[in-house]
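Hello,

Here is the structure I promised to send over. Please have a look at it first, and then read my notes below.

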Amino acid sequence: MLQSTGNPKQNLRSSTTNFVRGKKYNYLFTMIIVSIETSCDETAVSIIEATGPIESPAFTVLGNALYSQIALHAEYGGVFPTLAKREHTKNIVPLTIQALTQAHLCTQTTHTLTEHQITRIKEILSREQDLIPIFFDFIERTAKPTIDALAVTYGPGLEPALWVGIGFARALSIAWNIPVVPINHMEGHIVSVLMDTKAIEVTYPVLALLVSGGHTELVYSPKPLEYTVIGKTRDDAVGEAYDKVARMLGIPYPGGPKIAELADSARNEAVVTHWKFPRPMLHTKDYHFSFSGLKTSVLYATQDKKLSEPDKAHIALEFETAIRDVLVTKTKHAIEAYNPRSLVIAGGVISNTYLRNQFETLVGQYEPMKVYFPTQELSTDNAVMIGVAGYLRITKNASLLQMSNAPIVANGNLSL
Ligand code: KG4
Ligand code: ZN
């Protein structure tokens, strides 16, 4: 807890009473955090105000800017790392200006850096040569904003893409003399649910199901920020399976949302489909997943066939039903084994309304357990969730507020 560390930094503004999201806090500190996310094909910068203890924090978004590169990657059928890096480099500064402006924290002025700061920033950005002129142009014309910390994703993800965000955050840290907290992107997804008013008091232990384009994991969390991964996919992630099946049906990347739409249309017509796909690892006693067999059977069933629009909708329906069966059954087993008080489901795939409803129904059988989802906007990649994780990390360990020269190393395979 911040108060008990005996080391509150002067740059934390103290407040005695605080209203965040309609809730009154008698909590000592409010922090403003600038967060940066560049792990995949979204460049995002957010500014949040955070307060409250780690068990029941509260957040307000002051500024949020996001640029999705999806359309650029569509022609490659997936994310193309060097293109992602180039786009992050080009967009990170304009997005930061946009987020700071929204938060009323962007003031134009002349900001002179010391020789030492300039040398350090050039060292830090040595891998990001294209970013150096853009960075200095911005920093030398902008007043240092009143913020307390930076938070940045350092993995998992595409390393060339991660390095842009890390380099930028560390350069800002030197220029503004503000600490930077490295954040695991998957932790960001888990804590993204805390932005929803309903989730303001998630109770522990938590069981989290993470379903994104790169990950499918069941995670047990006995208390905030402590995790044991109890199961994960042996091959493809759920979102990846959605995207690959979409491609087989001639739908451009990322096809997840379109598959969901097709499945919904067939479901609403209550069609009985003759397509039948497997439910891999449904009955194994562990909490692991596998989706490549499901994907391959869609491939065999569809290749060299001319598919009508109703065929595509029926395939999408059977595919999504198979995904539902596996995710819900594995989660049910994990609930029974681990007896959590809350279920958290996060990651891009849980944008899917049908899957949300299925989990609501599942949790209804285990009252008083509750299920928490991120808002639609925060289900896919964003920087707000990275700021939320940053606040919780600082709340757990206030020494993160000390300036450090330690490098932050991108880790594409970082696990929880
Ligand atoms: O979490 P996210 O934004 O990025 C990663 O960290 O991977 O997740 C993106 C994934 C993509 O595979 C996309 O197709 C999938 O989420 N997705 C969906 C839906 N919306 C996005 N999958 C199923 N149904 C949806 N409605
Ligand atoms: Zn993600």
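Where is the place of Pro-205? Pro-205 sits in the loop between H6 and strand S9 (206-211); helices (H or I, at least four residues) and strands (E, at least two) are DSSP runs, numbered from the N terminus. The bond joining Tyr-204 and Pro-205 is a cis peptide bond, with omega about 0°.

Before going on, a word on the basis: this is a predicted model, in which local features need pLDDT of at least 70 and side-chain atom pairs count only at pLDDT 80 or more, while totals for chains, interfaces and linings use all residues. Residues are numbered from 1 along each chain as its sequence is written, chains are lettered from A and ligands numbered from 1 in the order in which they are written, and side-chain values use heavy atoms, leaving out hydrogens and water.

There is another cis bond to look at: Tyr-253 to Pro-254 has omega near -15°, and Pro-254 lies in the loop between H7 and H8. Asn-177, a residue other than glycine, has a positive phi near 55°; you will find Asn-177 in the loop between helix H5 (159-176) and strand S8 (180-184).

Now to the zinc ion (ligand 2). Its protein donors (N, O and S atoms within 2.8 Å of the metal, or 3.2 Å for Na, K and Ca; water is not among the atoms, so sites may look incomplete) are His-185 (NE2), His-189 (NE2) and Asp-381 (OD), lying 2.1 Å from the zinc ion. Along the chain the donors follow the spacing H-x3-H-x191-D. His-189 belongs to helix H6 and Asp-381 to the loop between strand S13 (370-372) and helix H12 (384-396), so this pair ties together parts 192 residues apart in sequence.

Ligand 1 is surrounded by 19 residues, each with a heavy atom within 4 Å of the ligand. The closest are Gly-213, Asp-243, Gly-348, Asn-352 and Asp-381. Among the polar contacts (pairs of N or O atoms within 3.5 Å), a polar backbone atom of Gly-213 is 2.7 Å from an oxygen atom of ligand 1, and a backbone N or O atom of Gly-239 lies 3.2 Å from an oxygen atom of ligand 1. Helix H6 (185-191), helix H7 (238-248) and helix H8 (256-268) each supply at least two residues of the shell around ligand 1.

Best wishes

Conventions:
Polar contact = N/O pair within 3.5 Å; in protein donor to acceptor, adjacent residues only side chain to side chain.
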